[in-house]
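Please work through the following exercises with the sequence and the structure at hand. Each task is followed by a solution in steps.

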Amino acid sequence: MSEIESLSVFESCTAQYTTAELDNLLQCISDGSAEATAAAAQDISTGLDHFYLIYAGALVFFMQLGFAMLCAGSIRAKNVKNVLLWNLMDSCGGGLAFWVTGYAFAYGGEDDSPTWTFIGYKNFFLMGDDVNLSYWFFQFAFACAVSSIVAGTIAERTQMKGYLFYSLFLVGFVYPVVAHAFWSTNGFLANTNAEPLWNSGAIDFAGSGPVHMLGGVTALMAAIVLGPRLGRFHDDDGQILEVPNDIPGHSTPLAILGTFALWFGWYGFNPGSTFSASTAVAGEVAALVAVNTTLAAAAGAISAMFTSTYFNYRIEGVHTYDVAYTMNGLLTGLVAITAPCASVDSWAAVVIGIVAGWAYLAGSKLLVKLRIDDAVDAIPVHLVGGMWGLIAAGLFSTPELLEKAYGQSEHVGWFYEWGRGSGNFTLIGTQLIGILFIFGWTTAIMYPFFWLLNVFGSLRVDPMEEHAGMDISRHNGSGYIIEKQDKLLDASTSLHQRRSIALALKTTEKAATE
Amino acid sequence: MSEIESLSVFESCTAQYTTAELDNLLQCISDGSAEATAAAAQDISTGLDHFYLIYAGALVFFMQLGFAMLCAGSIRAKNVKNVLLWNLMDSCGGGLAFWVTGYAFAYGGEDDSPTWTFIGYKNFFLMGDDVNLSYWFFQFAFACAVSSIVAGTIAERTQMKGYLFYSLFLVGFVYPVVAHAFWSTNGFLANTNAEPLWNSGAIDFAGSGPVHMLGGVTALMAAIVLGPRLGRFHDDDGQILEVPNDIPGHSTPLAILGTFALWFGWYGFNPGSTFSASTAVAGEVAALVAVNTTLAAAAGAISAMFTSTYFNYRIEGVHTYDVAYTMNGLLTGLVAITAPCASVDSWAAVVIGIVAGWAYLAGSKLLVKLRIDDAVDAIPVHLVGGMWGLIAAGLFSTPELLEKAYGQSEHVGWFYEWGRGSGNFTLIGTQLIGILFIFGWTTAIMYPFFWLLNVFGSLRVDPMEEHAGMDISRHNGSGYIIEKQDKLLDASTSLHQRRSIALALKTTEKAATE
Amino acid sequence: MSDTVDFSDADAFTAYCVANPLDASGAVCVIEGLDTFFLLFAGALVFMMQAGFAMLCAGSVRQKNVKNIMLKNLLDACGGALGFYTLGYGFSYGASNNAFIGTSDFAITDASSGPDYIGFFFQFAFAATAATIVAGTVAERCKMTAYLCYSFFLTAFVYPVVVHSIWSSDGFLTAFTDEPFRGVGMIDFAGSGVVHMTGGATALVAAIVLGPRRGRFYDEDGNVLETPVTFPAHSVALQILGTFILWFGWYGFNPGSALAIANPDSAATAALCAVTTTLAAACGCVTAMFFDSVMDSRVTGEVSYDLSMAMNGALGGLVAITAGCSVVKPWAACVIGIVGGLVYYFFSKLLIKLKIDDAVDAIPVHFANGMWGVIAVGLFADKDLQGIAGYSQAHQGWFNDFGDLNLLLVQFCGICWICGWVFAVMTPFFMLLNFAGIFRVDPLEEEVGLDISHHRGTAYDLEPAKQTDVEELMEVRASRHGKVEVP
């Protein structure tokens, strides 16, 4: 570019071809001009792509706000400070862990060779000049989301210490390995690899698997090791309650605020995963992704709400509309569309959303049956939703859209394989392998990890603290101090009296002057 | 451009040169081609840059939400309406003041000459066609942030009138002068000036100084003149309390919501200060800025939290984790990285963040020692953090990054001057001059201003109103009307009774039909 | 390129390669990608307004109905998405042979490229906004079922017809055709009329049919109260949160309506929109609040500053500038905002006089100011800016050309059309709902609050930990460490 700027195309051409014929000269001018254009376009594209990733990263970061508010609203008032601080720490500790090791393990030193590696090995501490910083920023926001998923499930009964340990470990090591497998060009499941598993690789556009399912499985392991909150499934003497105690959240507005913030953030999470907005194709893919994300979320909410309303109506005879089910259905829809968002048609997004709503309800009921206590229902949302998302990508991915988004359409969604008359199981098989891999890896690492923490007494708080609430025991007092109305009104009585006197005086004065 | 669109270059060329020689024709073709390319690229870049500034401006505006929620959550419930209204007024009154005079004083009529001017003089009311409107929009959002910083410090005891006066004055006059000095091409500290101070100019990429430190100094002046809230350092009889009374905020969720919103907004504040995303260099700088912003925030939170936990443990023997310290540490990290974000490596961002966390804690303790009452600890965050940010830019700025972001690397951070073996104090010296300038100018103007307001009785509310709370005294009633659970449940008893009857009837009916 | 051009014909070759300098390199691709990104950004911001409405409404109602109103806002977004997807988008922008309604592209089946998809996404966010405006007005007394019916109906049919007539190139009031109505067509850049007035008019009809909340204008026995009872908002923090989110979202709503950014005209338009939006909001806020303070202090003798005036004033200003944000100068935006603040103030008082109960004052904000916004274009529109924004320059605002009433007239026609259409369709619709008994909740449920009666309990449970538990903990700690005193 710089050369072209300093020297006109004409000058550079005539310099080269002083004695050339006209045709050559014209060709050269044309080439030079095309080159200059390409350089200019390249310059703009690079800027644009950085901008796009910063935009998307900022929106994904906004999901931290969403998780924080959702968790805070869904638990009891006495632990609200605690869970808010965790969510803040996810961004902070998680961010640093991802800086130190996470990014390096996930993407460090990847190359274009078809080798399968287990883990990356370069760019610890962002060292080295070969890191695309806006890409790092975008990936950092993803990594933080993983550990936030777990925060809700284990809220109200986990020690700060335990939380910090596992959160750093998860973001710094466990998640990067899975992200490497799915998304690094050296990952065995990555379709960007030249020779991925079964020559297909898994389709996970924005992370139903590596992000959400992984978070969900970790949450499940944690919930199993931790045990339920006091008074949830057992009475004070440890006897199993016939009907489990519901522990409702303390503030619906916060929960809904969180839900909206998450949905908003998802418009960075999913469309941002094109990593580029500087080509027509990238733009088209991002546009489709935005539409699918919207539709799946909407369908998930509607299906979860009406289904729960219907079943409840059969039992209680009154139509009630449950807010928590609705918003969790919505989130499950979002989680589920995350993997297939770039490769399915819009009608399929609606179907995926509807099924996600049902999957969530089933998962939630199942957990209660199994007496696994999830304070904010994050396991059904992220684990079940993530699993369904990976499967759905194996079922509904269309050849045209795969071609557009991934540049390959050899193995397509099972329903479309049927349409081709082949019934080839490759893609759906790879997706299942992906699910098994995430499940196996996370369980194998995290269960012993939590178990050890528990053995060393760093996981669960003592019952007395649990009763009193973490805010008072560990965070210098309650999260809310809203004095009683009456007291304020009392204090203001004297004020009002003085006001009336002032007004009366003024009126008299006015009357006097008239 | 329009001519080129309507007529092909060839046509226009041949039209001009029907009888010209071949060389001329070729020259013309070549020029036309280069021109068309440049014009097309120019079009796209223009659009992209406008978009980028609108994006960044919107995010910076979102910080108003952050400030509002943070302030509201950090004060007592009885003044919540008051402080929320102030924050709304910052955007509105501040926006108008910036429209009327602020922008003109800061950037009006700047030219490329090396002249140092004190203040701009054109584009009042956005008059004149030479204003880049998206640039104005971005700058407006910055200006509003300045006055919001002060709102928190002086909350709970300041009159609405006084607040409005100072807020308009700050945005309309005091801030623009400093912004002019640092950022206008005619500013004496601006490195965009052809001959800045000591041929170096201060490095303040996004406003640790002009925005945050200025806001912090103003807050300090206001807090000194106003005096502490009733009951904070003195008892009812005016005797100094042995242990100052902590006045905790009324709602942690709001405060954390505000913190996350501010952090999110900072991804417009800092990266947006490249003003452009249409070149590869601008994109790369913006990406680095996003990364540094993240790391400094994370490091600030972690260092403030663990440091306070450690000291507290030594006194009380229990590990407690303070949410307010954590989030203020985080914000201090953000404030501190704002000046050096484009010119330091990522490890330096972490260091800056860690030191910022300590600086915040020290500043906060010092204020209490001096019996200066800051309702939301905005002074340690913005004043101390801003000062440290300016100093840090003078210490850690690397030659390569300065070259990339500012196009100059004659004077670099002190540590790198060492590396060069020079120990040249120019840059750090300029940064210190910047600090002194902000401190001197703001103090000289704002202290008398607040003192006068106070003399005329327009600054502090009367004690009776302060006790009753501003919401009741000035804003038609309390900010929250949340009744006690019991009362609502009582009201619902009759409903439930009727429901049970309905259900019983239905069951009977069903049984009868079967 | 070299394949298709015959190099032996020098003239033809140079003509080609110079005339198409960008095709070869992919710069055209940059344009499309950039425009898509712009709409993605703007659409996401407009979507965020859903959160704003939810918070604003939730803060403005009484505590006992919080869950209900939030769920309604959430379902607006969801039901709206599905309604607009299945039918609405086709009715709005589907190809058609008539000026009234589109007839193809249902469930975006015609979409094949990025612009189609991103267009749908952006428009969906608008449709959802139109639907959610009503939620606040009918809060605290409207049944869930009725609400769902109406929000689907609005996004799937009523709103799309308005969109088709004003924004699609086939519409009879559209400005985007070669021969627009009276040479200019209706100028409603981002939807003061199309979005806000439609939503506001629906809210008005709904409020009239539904009647006021119990105890607002009438006592237990149905007698008119001398002074209407004001139900104070239960959480100001949520209200202001919502206001700020809405204002933030408006930076997608207005600048985003440029629909493209990769050319100088669109870029200039978007930048101007950001500025005018800011100024109108600021002016609306300041005007409404201080005007109210002055009026109030004449009665009570004390100066007070009303928060709901401030924030509704700001929203009024935002709604008012929405139609004209791309065609008026910044100073005119200020005037529009100031008048918008006053329009809000007086219309709000008028509604109370008429005993129409609007729980969050959405009618004065969206209906009255939407109308004012559409009129304001007829007064302030600037010829040069119209050109840049892509409108016909045949007629401009009345204040800029005192002899030319054409644009103002067209704007009035637009208002009449929107009001007429919405009233004609929604009045029977709501009356039918009412007649069928699925519109209003029963009085007992209303008294108790919808949260308990339909949503399994209250929205808040701020019960702190038991005092005995806390004391026990502190005692144990004190004995363990010997340093802490029992508080």
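The expected span of a helix is 1.5 Å times one less than its number of residues. Helices (H or I, at least four residues) are DSSP runs, numbered from the N terminus. This is a predicted model, in which local features need pLDDT of at least 70 and side-chain atom pairs count only at pLDDT 80 or more, while totals for chains, interfaces and linings use all residues. Residues are numbered from 1 along each chain as its sequence is written, chains are lettered from A and ligands numbered from 1 in the order in which they are written, and side-chain values use heavy atoms, with hydrogens and water left out.

**Exercise 1.** Determine what span helix α8 of chain C should have, and compare the distance between its end C-alpha atoms.

*Solution.* Step 1: helix α8 of chain C covers residues 264-300, which is 37 residues. Step 2: at 1.5 Å a residue, the helix should span 54 Å. Step 3: the end C-alpha atoms are 54 Å apart, so the two values agree. Step 4: just after α8(C), C:G301 has a positive phi of about 80°.

**Exercise 2.** State whether C:S92 is buried or exposed, and identify its contacts.

*Solution.* Step 1: C:S92 belongs to helix α3 (residues 66-93) of chain C. Step 2: its relative accessible area is 0%, so C:S92 is buried; buried means under 20%, exposed over 50%, and partly exposed in between (1.4 Å probe, protein chains only). Step 3: leaving aside neighbours within four places in sequence, C:S92 is in contact (heavy atoms within 4.5 Å) with C:F84, C:P160, C:V163, C:H164 and C:S168.

Terms used
Helices (H or I, at least four residues) and strands (E, at least two) are DSSP runs, numbered from the N terminus.
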